[in-house]
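Please follow the questions below with the sequence and structure at hand.

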There are 2 protein chains.
Amino acid sequence: MTDIRIPYAQLQRFMSVAMERLGLPSADASVVGNLMAEAELQGSDGHGVIRLLPYARRIKAGGMNLTPQIKITSERAGMALLDGDNGMGHLVMKRAAELAIEKARVCGVAWVGAHHSNHAGPASLYARMPMMENMIGMYFAVGNANHLPPWGGLDMLLSTNPISVAVPALHESPIVLDMATTVAAYGKVKAKAMKGEMMPLGWMMDRLGQPLLDPKRADEGFLMPIGGYKGYGLALIVGLLAGTLNGAAMGSEVIDFNHDDTTTTNTGQAILAIDLSAFGDVDAFKARVDKLVQELRSSERMPDVDRIWLPGEQSQQRRMDNTRDGVPLPSTLIEKLDQFAAEHAMPAVREVN
Amino acid sequence: MTDIRIPYAQLQRFMSVAMERLGLPSADASVVGNLMAEAELQGSDGHGVIRLLPYARRIKAGGMNLTPQIKITSERAGMALLDGDNGMGHLVMKRAAELAIEKARVCGVAWVGAHHSNHAGPASLYARMPMMENMIGMYFAVGNANHLPPWGGLDMLLSTNPISVAVPALHESPIVLDMATTVAAYGKVKAKAMKGEMMPLGWMMDRLGQPLLDPKRADEGFLMPIGGYKGYGLALIVGLLAGTLNGAAMGSEVIDFNHDDTTTTNTGQAILAIDLSAFGDVDAFKARVDKLVQELRSSERMPDVDRIWLPGEQSQQRRMDNTRDGVPLPSTLIEKLDQFAAEHAMPAVREVN
């Protein structure tokens, strides 16, 4: 499988036109298309361009509102609760981030939650929005499919609810944590199965709580939460903050969007913005982050470890490389995009301009 | 080793008098003593009464300020930054929680950070303070000794920086997560060594990154962060939020309070309060938490699993049991408290009233 590099601006245009063809108003199509391209730019390939087809399927099935009236249903100086009106999550959470930034400028911190949102792509896209405004951004989301039972249980009542935190630095790459609360993502399990390899200990367990190593038996077990019962607790807390608090789906209410294209997902997400200038000099803070980054990177290393990485450093590198060289897409994905383009009377991704 | 149960009120009085004997003003001694007793009440025995002796050692060495002027050094409507003036962490973080609650009532959410604080006991004590006011409480702290290298590294530059989140329920126990970002706490390693048992896979690794199973070799390795590099990322983020943001110690600046009684620790902590009433009806939220709790608890279970627990459920049970039956203290700890009492001309813990 070879990768083909598409110039970033070209990918943005393709995705924006594609979303317009699916029926989104032009301005909204640009927002969603650009965020999907940005996900791909930073290497979040599981949440980027590949989602075009499932989004298209859901839109055509009537499962998402193409012209949502996103509105504030509760508000105080430092918070707001948004009703996403079943619009695409990208639109709802961009609005949430903008509102959180605006309120944090006044109050120092602000929290904006949403209900009746939808899948919004990688968590870090939204944690980065306050970060670009000299703030710390945090993002919490309820995943759109339950993969985790409570610790000791067998019923899959929890998703791998992700959390992302983005912290700006001065000269160094920003620190951007973006993690699910399971040891491995489900995509990694599928990749091992395709290669015919066994999984490392700790990725999955079976219904007896014993290690499950054969990815072909993945259906017989569960992903392991990080730190065992601790990851179960984290997934639950993220779900309470992003789902239950907002009156969004949580637990058995979560709709598996892999197998249901029509039921309103009532997806919940939340964003927190912390304005650095409220705490003191912004550049002094960023310089402290730089110093810490350099200290961690300079640590003596284990044998065979070439470099110590900071969270988000590799995706920042991909952002720079791919902006310069184009965004790599697997040829199999390009074929799917070409087929989509043909079906929707629009130029192919390699031809659009 | 047998446990002796001390009535809760009696333990509160003993600890308060002990702190007064160490030189704290009477009102402050009560705050600290009561919080230390409360830690013990809920079973946080590593952060409760056992800390009296190390606190006494540091106070006598001049390492903490007995009459701190805790003051706000930056403030906006939804945030404040406190200078703890090197006072006991319990005093600083109780003040921080009160301020966060007050501000969250107005803004909906509020964040209060602190620098020049000190060890404050278990994280959950402070996350619970907003919870008792119909809010969600979150607490972040930089630990007072570095036990973790960055992922792939050998230099211990990070602590097991804990996080706690407390969410009130209606009829069910509140959900209270209180976790360090390592798989096992160091105390558990010591306990295995004392019993002559091997550690489970995943608790520690050696300097080659290989599993370390013999707790007697603990000095040759490191605690494992939960989920490997994910836990490293979490420990770093918690440290950025609780330390770096506040201008408190982080990375190599952290003072190991086990081996240094005099240097100002400049401990950093932070608390976030989210007022439930800003999002909608408080009882409706709590009812949703109850429903979720019941759903998780009712999950089908793995063989040999008697019950599915929610985070904080067992410590809530201990709070109730120990309030009724007295707080169990190991006889070896009672002996130390008796010695402390004799040296400080105060009644013993079994005699105070």
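Q: What makes strand 9 (211–212) and strand 10 (221–223) of chain B the edge strands of their sheet?
A: In this predicted model, chain B holds an open sheet of three strands in the order 9-8-10, with antiparallel pairing. Strand 9 and strand 10 of chain B each pair on one side only, and they are the edge strands.

Q: How do you know that strand 8 (residues 204–206) of chain B and strand 10 of chain B pair?
A: Two strands count as paired if DSSP finds at least two bridges between them, and strand 8 and strand 10 of chain B are joined in the antiparallel sense over three bridges. Within this pair, B:Asp206 stands opposite B:Gly221 of strand 10.

Q: What makes strand 2 (residues 71–76) of chain A and strand 3 (residues 79–83) of chain A a pair?
A: The cut-off is at least two bridges, and these strands of chain A pair over five bridges in the antiparallel sense. A:Lys71 lies opposite A:Asp83 of strand 3, and with two residues between them strand 2 and strand 3 of chain A form a hairpin.

Q: Why are helix 2 of chain A and helix 4 of chain A called roughly perpendicular?
A: Helix 2 (residues 26–41) and helix 4 (residues 89–107) of chain A pack at an angle of about 90 degrees, with their axes 9 Å apart. Angles of 65 to 115 degrees count as roughly perpendicular, and the two helices of chain A are therefore described in that way. Their contact is made by A:Asp28, A:Val31, A:Val32 and A:Leu35 of helix 2 and by A:His90, A:Leu91 and A:Lys94 of helix 4.

How values were computed: Residues numbered from 1 in each chain as written. Chains lettered and ligands numbered in written order. Predicted model: local features only at pLDDT ≥ 70, side-chain atom pairs only at ≥ 80, totals over all residues. Axes fitted to C-alpha atoms, helices over the stretch in contact; angles between N-to-C directions. Helix = DSSP H or I, 4+ residues; strand = E, 2+ residues; numbered from the N terminus. Parallel < 35°, antiparallel > 145°, perpendicular 65-115°, else oblique. Contact = placed C-beta atoms within 7 Å.
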